[in-house]
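Hi,

Here is the structure I promised to pass on to you. Please have a look at it first, and then read my notes below.

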Amino acid sequence: MNIEETINEVKEEFQEMFAEAHDSESLEKLRIRFLGKNGRVKKLYGKMGSIPDESKPVLGKELNKLKQQITRQLEVRQEKIEEEKKKQQLEEERIDVTLPGTRIKTGSQHPLSLVTEELEDIFISMGFKIAEGPEVEDEYYNFKALNIPEDHPARDLQDTLYLDDLYLLRTHTSPVQVRTMEKTKPPIKIIAPGRVYRADELDASHSPVFHQLEGLVVDDKITFGDLKGTISIMVEQIFGEEHSVRFRPSYFPFTEPSAEVDVSCIVCEGKGCSLCSRTGWLEIMGSGMVHPKVLSMSDIDPRSYSGFAFGMGIDRIALLKYGIDDIRLLQENDRRFLQQFK
Amino acid sequence: MQISYNWLNSYIDIPCEPKELKYFLTMAGLEVEEMFYQGEGLDKIITGEIIGIKDHENADNLKVCQVDCGENKRQIVCGASNIAENLKVAVALPGSRLPGGLKIEETELRGVKSSGMICSADELGLKEERQSGIMELPEEVEAGDLLVEALLLNDYTYKLDLTPNYARCLGHLGVAREVRGLSDETLEINWPELLPEDDGKTFQAATPEVEIQDPDLCQRYTCRLIEDVEIKASPLWMQRRLEAAGIRPINNIVDITNYVMLEYNQPLHAFDYDNINGRKIIVRRANPGERLITLDDEKRQLTPEVLVIADREKPVGLAGVMGGANTEVTESTGRVLLEAASFDAVNVRRTAKKYGLSSESSHRFERKIDITAVAEASRRACYLLERYAGGKITEEMVDCYPEPCEKKKLQLETDRVNNFLGVEIAGEEMSDMLTGLGFEADMKDDSRIAVSIPGFRRDVDGEADLIEEIARVYGYNNIPYTRPASAEPGGRNPEQKASLKINRILRGQGLEEVKNFSLRPKDDNLTDYLQDYYKFYLAVTEGKSRSSREDSFESNFKNSIVKLKNPLSQAFSRMRISLLPGLIEVLSLNSRKQVKDMSIYETGRVFVSRGERNRPVETDKIGLASMGAAYDPWNLSAPDYFYLKGAVENLLDKLEIDSWSWQRIKLDIFHPGRVADLKFKNKRVGVLGELHPDVIEEFKLPARTSAVELDKKLIYQAAGYEKISYQQIPRFPSISRDLALLISEDIPARDVIEAVEEAASDILISTEIFDFYQGEQIPEGRKSLALNMVFQDYNKTLKEEEVEKQVDNIIEVLEDEFQAKIRGK
């Protein structure tokens with residue numbers, strides 16, 4: 001038998017068997033059969049000794065070629081199979097990509113602190129600092145130093161909760177104005193958010209416990225125009241620029257001139273609806289130029305300094321801003337309510 | 001205060017329509033709370049005269065009326081019992097609607113045609129209560145006229161919400177002055193007609209002598225005798241105007257006093273002079289034990305703080321508040337004594353408060369009336385009494401006015417006005433503005449105006465008040481918008497920043513923020529649970545050791561709760577002493593609404609009393625509470641406890657608080673075996689625990705609900721996050737070792753970690769417990785803990801041997817100290 005023929009036989013045999021081999025296992029069998037220690041190719045190499053020398057280079061080359069070809073073919077197919085397998089595996093790992101994600105609880109912020117923080121940031125951007133004061137006050141800070149004398153009809157504007165004949169629960173955040181003026185020399189530019197108390201029955205629009213944000217600016221040459229400018233920026237920021245603001249003469253014992261601030265109704269935009277009692281305007285805060293007596297009582301000379309002050313109900317702003325129709329929701333803490341504020 | 005458009009228009013040509021007046025007044029500072037048309041819904045109702053009445057053929061209680069309606073006659077079926085021939089009535093014609101919405105149609109009633117309806121006052125909305133018959137109109141009404149014209153209902157009413165400084169506007173003339181001042185200072189005011197000055201009147205022969213015993217409480221007292229009065233209804237126009245102002249007409253005398261009050265803002269009172277004893281009026285403080293029945297039929301016990309009007313033997317009125325029943329004007333009254341006076345604002349206010357008796361009169365005196373116009377108002381009333389009550393006035397008025405009031409004078413610097421408002425108004429213009437409002441303004445030179453304050457402006461006290469007047473006339477909304485300069489940057493102080501950070505961290509842990517009232521009920525089961533918690537609390541706030549104060553605690557607990565002196569209801573009558581009760585209630589509320597799991601936090605203030613007339617201690621707290629947490633890390637049925645513990649530990653960690661520790665304690669509100677005290681070094685900062693099963697049951701909470709309360713200030717003071725400085729990331733690898741040990745179940749995990757950390761050198765950089773087990777395969781009374789330790793040398797690569805040496809040392813210490821058995825060794 002001619003070795004040349006045998007090479008061809010092996011080649012043919014391999015090709016026949018290779019055509020049938022489609023998995024890793026059969027490929028491995030082929031590898032052992034042809035390239036193994038006792039494999040067909042190895043055996044052909046063994047026969048190389050018995051052929052004439054002149055044929056050796058040619059046949060040797062042939063044989064090497066055969067070995068390379070088999071190796072390569074096996075390798076290529078093996079790779080292909082592996083690729084297929086991987087592909088199949090990935091295919092099998094298909095998931096329903098629309099199933100819900102894993103959500104870590106994220107908590108929520110109470111609407112009152114949400115609005116308070118927003119208001120604070122607005123005023124901070126205009127150069128205000130934040131002042132604080134006690135919730136239990138005495139007559140002096142809550143009334144007298146704010147030019148609200150005893151037995152004055154102005155006392156009727158607020159029903160006070162008393163602890164005893166000396167102490168009371170502050171009815172407004174205005175005492176913080178006095179406390180600030182007592183310990184700070186002008187220029188003063190502060191806001192004071194905080195909790196206040198009134199002897200009011202709890203219903204949809206009244207609460208014995210609520211929150212105010214007070215503002216105070218004292219410096220030389222502070223004008224009523226400055227008051228208007230500052231407040232209008234706050235209103236624009238909190239309710240949106242499309243809302244207009246108006247100032248209306250009013251009365252607070254600690255400011256003169258005093259102004260009530262109205263914003264165009266957020267529901268009807270001035271046309272008149274039930275929210276604004278058909279006036280088209282919503283009252284949102286009281287304001288005014290600090291009364292000279294109040295400055296004097298805190299040892300600030302009203303001939304050299306002037307100032308403005310304002311105060312708003314944070315609860316009311318929250319109700320208006322979020323369209324909440326019952327103030328009791330703010331202290332009920334129903335989760336279905338809380339979770340609406342992120 | 002309510003005003004009428006027509007009434008106001010009788011004094012000044014109102015420069016705007018009724019609807020615009022509402023806006024005008026509001027922008028002038030006289031806030032219109034409500035405006036309504038008096039003839040609302042009555043525009044189609046006409047007047048008619050019944051000219052014939054026949055029985056109804058099919059119904060005994062109905063009559064068939066022929067009604068003259070001016071242009072034509074109509075047949076109307078009516079069931080009222082007070083119908084009569086020649087009676088003037090209100091008729092709703094077919095096609096019209098009643099104010100209540102009822103549509104009137106041509107109809108047949110029991111087979112008889114009826115074209116219209118004869119109305120009762122309540123059907124027309126003119127009376128609240130149901131009337132027994134149809135409305136009877138005055139005889140002088142012309143059949144066929146519109147009802148609103150016949151009854152003078154074609155008028156608008158404005159309900160004013162007046163602030164205390166607008167006392168002058170408690171009378172129509174005051175409002176007229178405002179309208180002039182704020183629209184056109186050249187408008188004329190038509191002043192009302194008065195009784196001429198007293199020429200020709202004789203000296204007081206029958207008029208009483210007046211003695212003011214307390215001139216500080218009554219600065220002026222006038223009275224005038226009016227004889228031969230005839231008590232009857234006042235004229236329709238006066239009744240209408242009173243009704244428009246919200247005052248019920250009574251009789252001509254009372255109506256006239258009210259009418260003049262509503263013109264001049266001067267309360268007046270009419271006594272039945274025949275019941276005044278001894279021709280003398282004494283204005284004095286009441287004697288102890290005196291009594292007076294006031295016009296509202298209430299018996300008032302008088303005391304010397306109360307100022308009364310008295311005759312020689314008895315009080316006849318509470319000065320400035322209400323008259324006495326003993327001198328009330330009745331149908332038989334023939335002589336009236338008309339009082340016009342000025343009483344002290346504070347005294348009137350106190351008397352009105354004392355008796356819970358706020359009257360139209362006290363309301364005005366409290367806000368100060370125009371003392372200079374007292375006599376004028378009296379003369380106005382006299383004019384009306386002569387005209388509409390047949391009164392004869394032959395004697396002079398007594399005017400007891402010991403110290404006539406001098407007009408206050410102020411100097412206004414125009415520069416200061418302009419600088420204060422941020423405007424540029426010329427002095428002349430300012431002067432005109434003030435004149436329009438009724439001030440006497442005199443330009444001294446270009447920069448100064450001398451202003452004399454009229455008696456009706458007792459609210460004006462200084463420069464700022466005049467500046468407000470100029471701002472009002474100029475228009476608040478015409479003042480330009482400017483902004484104050486900022487010398488310093490704004491911002492939060494470090495503590496305020498920390499507050500925000502704390503809130504953010506807690507929300508990041510999945511906690512929802514809540515807000516509870518700081519007022520609590522009188523009967524408060526939850527606060528009762530806090531008896532011993534409160535001892536703990538005091539230790540936190542006062543930094544005193546627990547035992548030194550222990551004895552006094554029990555008795556003091558109730559006293560330490562801040563109580564309100566005048567609560568509106570028992571539900572809000574105490575201040576909270578802790579955030580825990582509120583938090584527990586929030587979880588309870590939500591649990592009852594089918595919420596299974598919820599974690600919440602609150603930051604807020606709590607209060608502890610230090611005894612009456614002492615300022616209570618206010619402390620800011622952070623409270624956390626959780627129910628229904630799912631993950632139970634140590635299989636101890638304590639998911640909420642460990643969830644909250646993790647949240648607090650994360651908080652401490654994020655705030656860079658260095659050394660803190662938890663220690664087992666006992667407190668009534670918590671489960672006795674599941675509560676720990678958080679300490680920074682030796683300072684108590686707060687408490688964490690599972691709620692006591694009794695609390696859980698009482699508030700229908702899920703089992704294992706837990707809560708935390710921390711002192712915010714102490715947390716803030718210990719925080720070091722603001723001083724973060726970067727430490728280099730280690731360049732050499734670390735080595736990790738695990739260790740499993742069996743120890744007695746009584747040894748706290750914290751002690752094990754502390755022992756490990758003490759036993760190792762500082763190459764041990766972290767020790768963590770990653771497994772805890774008790775049960776099968778573990779001997780009774782012991783537990784298995786698995787620790788992970790990480791070793792790191794920042795200067796070189798660690799050798800295995802070095803770590804082994806450390807671990808051996810740790811094992812030795814654990815074996816010695818805790819008789820630990822190392823598993824797998």
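Chain A is divided into domain 1 (3-92) and domain 2 (111-338), with bounds that come from an automatic or database domain assignment. The C-alpha centres of these two domains of chain A lie 93 Å apart. For chain B the assignment gives domain 1 (2-38 + 156-183), domain 2 (45-150), domain 3 (209-400), domain 4 (408-476), domain 5 (495-722) and domain 6 (735-822). Between the C-alpha centres of domain 2 of chain B and domain 3 of chain B there are 42 Å.

Two notes before you go on. This is a predicted model, in which local features need pLDDT of at least 70 and side-chain atom pairs count only at pLDDT 80 or more, while totals for chains, interfaces and linings use all residues. Residues are numbered from 1 along each chain as its sequence is written, and chains are lettered from A and ligands numbered from 1 in the order in which they are written.

**Where the chains meet**

The contact takes 66 residues from chain A and 71 residues from chain B; two residues are in contact if their C-beta atoms, placed from the backbone, lie within 7 Å. On the side of chain A that touches chain B, the largest share, seven residues, comes from helix α8 (residues 224-239) of chain A. Helices (H or I, at least four residues) and strands (E, at least two) are DSSP runs, numbered from the N terminus. That side of chain A has 32 nonpolar, 17 polar and 17 charged residues. Here Ala, Val, Leu, Ile, Met, Phe, Trp, Tyr, Cys and Pro count as nonpolar, Asp, Glu, Lys and Arg as charged, and the others, Gly among them, as polar.

**A sheet in chain A**

Seven strands of chain A form an open sheet with mixed pairing, in the order β1-β4-β5-β9-β8-β7-β6; two strands pair if DSSP finds at least two bridges between them. Why is one side of β1 (129-130) and of β6 (245-252) of chain A left without a neighbour in the sheet? Both stand at the edges, each with a single partner strand. For β6(A), seven bridges join it to strand β7 (residues 255-264) of chain A, and the two run antiparallel. A:Ser250 has A:Ser258 in β7(A) as its bridge partner.

Helix α7 (residues 175-183) of chain A lies across β4 (188-197), β5 (209-219) and β9 (306-313) of chain A, and runs at about 35° to β5(A). Axes are lines fitted to C-alpha atoms, for helices over the stretch in contact, and angles run from 0 to 180 degrees between N-to-C directions.

Most residues other than glycine have a negative phi, and most peptide bonds are trans. The bond from A:Pro186 to A:Pro187 is cis, with omega near 5°, and A:Pro187 sits in the loop between α7 and β4 of chain A. Another cis peptide bond joins A:Glu256 and A:Pro257, with omega about -5°; A:Pro257 is in strand β7 of chain A.

**Places to visit in chain B**

Helix α6 (residues 252-264) and helix α9 (residues 374-388) of chain B pack at an angle of about 145°, with their axes 9 Å apart. The residues of this contact divide into nine nonpolar, two polar and two charged.

Strands β4 (residues 63-68) and β5 (residues 73-78) of chain B pair in the antiparallel sense over six bridges. They form a hairpin with four residues between them, and B:Gly70 in the turn has a positive phi of about 85°. B:Gln66 stands opposite B:Gln75 in β5(B).

B:Arg279 also has a positive phi, near 55°, and is not a glycine. (A residue is buried if 20 or more other C-beta atoms lie within 10 Å of its own, exposed if 12 or fewer, and partly exposed in between; C-beta atoms are placed from the backbone.) B:Arg704 has a positive phi of about 75°, and with 22 C-beta neighbours inside 10 Å B:Arg704 counts as buried.

B:Phe607, in strand β28 (residues 598-608) of chain B, counts as buried with 22 C-beta neighbours inside 10 Å.

Enjoy exploring!
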